[in-house]
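Trainee: I'm new to this structure and would like to start with a single part. Please take me through its aromatic rings closely, along with whatever strands help me place them.

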Amino acid sequence: MLYVSFFVILFSPLAVGFTICNIKAPSAVRFAIVPSRIYSARDSSENGFQEQPLLSGGKTTPLRRTILGQLASLAALTGSGPGPAGASPTSAGRRDCIEDSDPGKTVVTCTGDVMSPNASRPSRISATENGISSSSVNNPSRFSPPWTYLTETDDPRRAWNSLVRAIMEGSEPGTEIVELTDSYVHATVPTVFPKLGPKAVDDLEFVLRKEDNLVLYRSASRASVFVYPLTQPVSDRNSNLQRLQRIRSILGWEELGYAQTGSKML
């Protein structure tokens, strides 16, 4: 059986490290994790670890709380225990995610990336998802500039009504508007690619900025597919970008910046 030992440097109870048990640490107390029990021993023992009452029994001491807290933190960091949501590399930068893995691929589905109720702009697109956002200014491959509706009208209400109609006209069949206010619209659109079945959807969001005569937006796939050993999701074949381009073409609005051309790696 492999014994993994943790040591606490005596001058700092918060400095916790780990080493294989046959490495000597004369100035430290070493702890070995074995099934259902935690032991401590001095290095002078030649007959294995000798049980001590430091971490056994029902009594909780400050040192015991410190050691167990550090072990739990290390387990989360190394992936040997439950960690915080979004801690996996395949869901970095995303919220409210679940993973489904088989020997060939991992599918990560996140439902918490839509705009927060108190936010003023849509979320950015992380490196672990497919999509386009006018907020992704630090990620050129996933950024597209805001739109101005002044080529159609200077009336924000008229522009907004035109946009809502264009969403339904320019998006794929099965599009549903799930939230609509006088300055925010959120629709779900069936995912075009990768094909993951009828329940896979993209989130399509628009925000009206009346004071600036422009519209911010985001179109992103909830699900990302990772095929070993790739660390980037399988491409959406620019389907999110093309959807936005169709909607803007219907409206006849202008982009306030250089147009996004999409990925060439399809």
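**A look at the aromatic rings**

Mentor: Tryptophan 147 and tyrosine 217 are both buried, a word used here for under 20% relative accessible area, with exposed meaning over 50% and partly exposed in between (1.4 Å probe, protein chains only). Before we go on, keep in mind that this is a predicted model, in which local features need pLDDT of at least 70 and side-chain atom pairs count only at pLDDT 80 or more, while totals for chains, interfaces and linings use all residues. Residues are numbered from 1 along each chain as its sequence is written, and side-chain values use heavy atoms, leaving out hydrogens and water.

Tryptophan 147 has a relative accessibility of 1%, so it counts as buried. Across the whole structure, a search finds five aromatic pairs. Rings of Phe, Tyr and Trp (its six-membered ring) pair if their centres lie within 6.5 Å, and planes under 30 degrees apart are called stacked, over 60 edge-to-face and the rest tilted. The ring centres of tryptophan 147 and tyrosine 217 are 4.6 Å apart and the planes stand at 35°, so this pair is tilted. It links distant parts of the chain, with tryptophan 147 in strand β8 (residues 147-148) and tyrosine 217 in strand β12 (residues 214-221), 70 residues apart. Strands (E, at least two residues) and helices (H or I, at least four) are DSSP runs, numbered from the N terminus.

Tryptophan 147 also pairs with tryptophan 253, edge-to-face, at 6.5 Å centre to centre and 75° between the planes. Here too distant parts of the chain are linked: tryptophan 253 sits in the loop between α3 (239-251) and β14 (254-255), 106 residues from tryptophan 147. With 2% relative accessibility, tryptophan 253 counts as buried. Taken together, Trp147, Tyr149, Phe206, Tyr217 and Trp253 form one aromatic cluster.

Now for some strands to look at alongside the rings. Strand β11 (residues 201-209) pairs with β10 in the antiparallel sense over seven bridges; two strands pair if DSSP finds at least two bridges between them. Strand β9 (residues 176-180) runs antiparallel to β10, joined to it by four bridges, and a hairpin of three residues connects β9 to β10. Between these two, isoleucine 177 has alanine 187 in β10 as its bridge partner.
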